[in-house]
Amino acid sequence: MSAVSQASAQPGSMKVVMDRSYHLNDEDETEVNTADLAKGYRFGKTIVPMLKIDEQSMKFTTEKSMKVLGFTSAQHVKLQHRLGDSVTVVVPAPGDQHAAIAFSALVHALAETDKMAIVRYVARANSAPKIGACVAHIKPLYECLIFVALPFMEDIRQFTFASLNKEVSTEQAAVVDSLISNMDLSNQTDEDGDTHEALQSKHMLNPVLQHIFQCVQRRALSPDDNLPDLDPVLRAYLEQPQQVATNCAAELKRISEIFKLDVVEKKRKHDQEGGGVWQESGLKLDVDAPAAKRSNTPATEGQAAVGMTMEELTADSVSEVGTVEPVKNFRAMLNRRDVDLSSKAFTQMCAMISKLVRDSISDQFFAKALDCLKELRAAAIELSEADIFNDHIRSVKRDFSSGGNSFWGLVSKSGVTLISSTECDASLVASHEAQTFVQGEQPASAQAAVDDDVDADDFADMLD
């Protein structure tokens, strides 16, 4: 017997006995009784003790049970709301004839009325309760309820996605509709010409579990052999049915022809780091040299001079209104001295405002779009381009004032309106029209009175 075995408390049985003790961190290492210990949680610089009695009082205690909360139509329980990867089968207590009769009556009542029972289910004592639906399941040899878990309000996530801006042609819609019809698995024809539903779950084995069972069987029966490959039957479950692939071949080819894809070239690394900006500004930049050794001296006289700020250097190269800083890009294009980009800047800014509103998830980009609209108005007044702004804000009101879009409401609250003739001589909009534009149409009587005043003024001007 070894020395370790002889030193054991029970050397004959070779039993290992674990002994645990707690001691204070002092000179004597004073031992502490287990009953005097308590858990502590750090809160800032202090430690908050938590006694067992406190933990027990904070726990949510439950009892094993299933309680019916109510009944609802089966169509109200959506398929996407059924949670979990398994279900629970509910049957009456064995040997209880009265319970079996009452349970059978409940199952048949749910089946005949096409309803489900919404229940609160606790699987074990002190476990978390679940809410779910009990579905009637009747077979010739047995009948039962199948419990399917349902989500609570906090488990459901509502995501809002922007709609597609690009309009789809009639031909494109027809091809996609035909593709969806040909991918329908409910009307598949087998080798005998009979129509049936393909890939029915009740006739399919779980590929993951089945392959694990096959590996365990192989290892148990033949320990020295390699693990088996995936069974061909299981592989067929994971592949597209041949009939579906044949039916969809023509539509897939047609989709690749009518839905054109543009290749986006990836920018070179030195362009992303600002090399292209330095080169366009007239400065020599050795992109192959290390960053610390790159030269930024002027290329020729008359071009960018040393001492210019980075904002001045980059401003001369802006030729597009981007989505990151559209206001800054728009103002930089208007300030270009080497080429006149004012017309292009106004056109792109109008398009950018509409794009930001349409691409916005809820009101995510509304603030940025409103800033762009204000900057567009200020530039239009400054450059006497009132017609461009007035036409655009009319289209904004027409496109985004209905259908639940709140962007026009934000514009109305901010006071952004038409540019009147009092603000810009090039405008043909009267001041009263600009004032009432964001508030809706004027009453007919008020509009008639305004028209009479305008006509009288025009007549006085003609007499002069």
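Is Asp-399 buried, partly exposed or exposed? Asp-399 is partly exposed, with a relative accessible area of 34%. Here buried means under 20% relative accessible area, exposed means over 50%, and partly exposed lies in between (1.4 Å probe, protein chains only).

The model is predicted: local features need pLDDT of at least 70, side-chain atom pairs count only at pLDDT 80 or more, and totals for chains, interfaces and linings use all residues. Residues are numbered from 1 along each chain as its sequence is written, and side-chain values use heavy atoms, with hydrogens and water left out.

**Chain totals**

The protein chain has 464 residues, of which 24% count as buried. Its secondary structure comes to 17 helices and eleven strands. Helices (H or I, at least four residues) and strands (E, at least two) are DSSP runs, numbered from the N terminus. The chain exposes about 33,800 Å², and carbon and sulfur atoms supply 54% of that area. Accessible areas come from the Shrake-Rupley method with a 1.4 Å probe; for residues, only the protein chains shown count as cover. Among contacts between residues at least 6 apart in sequence, 52% join residues at least 24 apart, where contact means heavy atoms within 4.5 Å.

**Salt bridges**

Side chains of opposite charge can pair when their charged atoms come close. The structure holds twelve salt bridges, a salt bridge being a side-chain nitrogen of Lys or Arg within 4 Å of a carboxyl oxygen of Asp or Glu.

Arg-358 is partly exposed at 35% relative accessibility.

Arg-394 is partly exposed at 32% relative accessibility, and Glu-433 is partly exposed at 32%.

Elsewhere, a network of salt bridges links Glu-171, Arg-254 and Glu-257.

**Negative patch**

Asp-26, Glu-27, Asp-28 and Glu-29 form a negative surface patch. Patches are made of residues with over 30% relative accessible area and no salt bridge, with like charges joined within 9 Å and nonpolar side chains (Val, Leu, Ile, Met, Phe, Trp, Tyr) within 5 Å. Lys and Arg count as positive and Asp and Glu as negative, while His and the chain ends are not counted. The place of a charge is taken as NZ of Lys, CZ of Arg, CG of Asp or CD of Glu. Glu-27 is in the loop between β1 (22-23) and β2 (31-32) and is exposed, with a relative accessible area of 83%.

**Positive phi values**

Most residues other than glycine have a negative phi. Asn-126 has a positive phi, near 65°. Asn-126 is placed in the loop between β7 (115-122) and β8 (130-138) and is exposed at 53% relative accessible area. Ser-384 has a positive phi near 55°. Ser-384 is in the loop between α13 (366-382) and α14, and is partly exposed at 43%.
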